Amino acid sequence: MMNIRDYFIINKTKKVNKIKILDLLGFESDSLIETTSYAKETAEEVEELNQETFETLLNNTEEIYVHQNSIETYIANTTEPTNAADLTPTDTFNPLNITEQIQRVWSDLESRRKWVIPAFISISMIFVITIATNTYLNYRSSQQAVVEEAVVVTNSSNELVALLPDLIEISTNTFYSKYDVSNASANLQQIESSLLQYQNNLVNRADISDISAVEANLSNIFTLVNELDLVLSYRISISEVLIYSDLPIDEDSVNIEEITNNLSNIIAQSKVNIATLPEINEFERHKSLVNDAVTTAENLHGRYLGALRNNEYEVAQSISQAIFLNKETESSTFENALLEFKEKALINFANFKNLP
């Protein structure tokens with residue numbers, strides 16, 4: 001049954017809306033509203049109804065039955081979801097043809113292949129050529145630097161090696177000078193350092209055809225330099241062996257205690273220095289002799305001191321001469337060893353060749 005609210009809504013609506021509502025309720029709007037006079041009459045009736053009281057309206061209102069299925073049909077029609085895809089042209093949603101896309105991409109690749117591959121090859125070749133050029137230039141620069149350094153080192157080494165005859169003379173001179181020996185030792189160290197640098201650069205010297213001959217010559221030079229250094233060390237050590245100032249034999253100048261201390265220090269210093277003597281082939285005989293000379297000197301010292309204590313000054317004088325003779329014998333043997341070494345060193349130097 002239609003309620004009052006629905007009825008009020010029908011009467012307050014406009015004509016067009018009334019027709020829609022009546023259609024909704026199941027009435028035939030064409031048959032109810034066919035002419036203009038009927039519409040006017042209906043409007044007057046609605047106006048009269050609006051003037052009646054609410055209670056009268058409730059008493060006079062008849063039950064109005066509405067077809068339930070009409071409402072449900074309307075609701076179903078109005079609430080039925082619309083398919084927007086049906087209202088849109090189907091061409092919009094047609095999927096792209098994958099085959100056509102692949103063909104299009106392949107066509108693009110084929111069209112670009114003519115310049116992409118040559119361009120890639122060209123860029124690769126330029127890259128490789130650039131790297132090769134830089135590597136070659138760096139190699140040439142490094143080789144040039146090695147050659148320049150080798151030239152400097154070679155010239156320096158040859159100039160220093162030319163000083164060896166003077167160093168041989170200083171090392172084997174019978175006159176011992178601490179200043180000369182010290183300078184000679186410093187020069188030998190400089191020569192050895194330059195030769196080591198030359199030897200290290202020899203590996204990179206591609207301009208030398210016979211490396212083995214150069215290495216052999218270099219080895220001989222090293223040997224002579226090392227021997228000269230050993231001779232200088234030998235001379236420094238032997239310079240403090242059996243060194244006497246004087247041996248008093250006059251009764252007025254004899255101080256037994258002082259002489260005893262001096263002779264004891266000479267023997268002690270001699271033994272310490274003999275222990276530090278390096279091994280040199282030309283000085284082996286002298287090294288053996290100097291050990292015997294120290295032992296002999298130690299015995300002579302005891303006899304000399306005993307003669308002084310017994311006031312046997314003539315005996316003390318004879319013993320003092322024997323002590324000096326013992327030292328002279330050792331010194332003569334040392335000088336002969338120096339001469340022997342000098343001859344050998346000069347011969348070896350004459351066989352040296354300039355470093356290339």
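**Helix packing and the second largest pocket**

Helix α14 contributes the most residues to the lining of the second largest pocket, namely five. The model examined here is predicted. In this model the second largest pocket has a volume of about 230 Å³. Two elements, α11 (211-238) and α14 (313-350), each give two or more residues to its lining. The lining consists of Thr174, Tyr176, Arg235, Ile238, Ser239, Ile243, Lys327, Glu330, Ser331, Phe334 and Glu335. When these residues are sorted by class, four are nonpolar, three are polar and four are charged.

The packing of α14 against helix α13 (residues 284-309) was examined next. The two helices pack at an angle of about 170 degrees, and their axes lie 9 Å apart. Because of this angle, α13 is roughly antiparallel to α14, the cut-off for that description being an angle over 145 degrees. The contact of α13 with α14 is formed by 15 nonpolar, seven polar and three charged residues.

Helix α13 also packs against helix α12 (residues 256-275), at an angle of about 175 degrees and with the axes 11 Å apart. The helix α12 is therefore roughly antiparallel to α13. On the α12 side, the residues in contact are Ile256, Ile259, Thr260, Leu263, Ile267, Ser270, Lys271 and Ile274. Their partners in α13 are Val290, Asn291, Val294, Ala297, Glu298, His301, Tyr304, Leu305, Leu308 and Arg309. By class, the contact of α12 with α13 comprises 11 nonpolar, four polar and three charged residues.

The other helix that gives two or more residues to the pocket lining, α11, packs against helix α10 (residues 178-201). The axes of α10 and α11 come within 10 Å and cross at roughly 155 degrees. These two helices are therefore roughly antiparallel to each other, and their crossing is left-handed. From α10, the contact includes Val181, Ala184, Ser185, Leu188, Gln189, Ile191, Glu192, Leu195, Leu196, Tyr198 and Gln199. These residues meet Val214, Leu218, Ile221, Phe222, Val225, Asn226, Leu228, Asp229, Leu232 and Ile236 in α11. The residues of the contact of α10 with α11 divide by class into 15 nonpolar, four polar and two charged.

Methods. Residues are numbered from 1 along each chain as its sequence is written. This is a predicted model: local features need pLDDT of at least 70, side-chain atom pairs count only at pLDDT 80 or more; totals for chains, interfaces and linings use all residues. Side-chain values use heavy atoms; hydrogens and water are left out. On a 1 Å grid over the protein atoms alone, a cavity is a set of points where a 1.4 Å probe fits but cannot get out, and a pocket is an open set with protein on both sides within 12 Å along at least five of seven lines; lining residues have an atom within 4 Å of a point. Grid points are joined across faces, edges and corners, and a volume is the space filled by probe spheres set on the points. Helices (H or I, at least four residues) and strands (E, at least two) are DSSP runs, numbered from the N terminus. Ala, Val, Leu, Ile, Met, Phe, Trp, Tyr, Cys and Pro count as nonpolar, Asp, Glu, Lys and Arg as charged, and the others, Gly among them, as polar. Axes are lines fitted to C-alpha atoms, for helices over the stretch in contact, and angles run from 0 to 180 degrees between N-to-C directions. Angles under 35 degrees count as roughly parallel, over 145 as roughly antiparallel, 65 to 115 as roughly perpendicular and the rest as oblique. A crossing is left-handed if the near helix is turned anticlockwise from the far one by less than a right angle, and right-handed if clockwise. Contact means heavy atoms within 4.5 Å.
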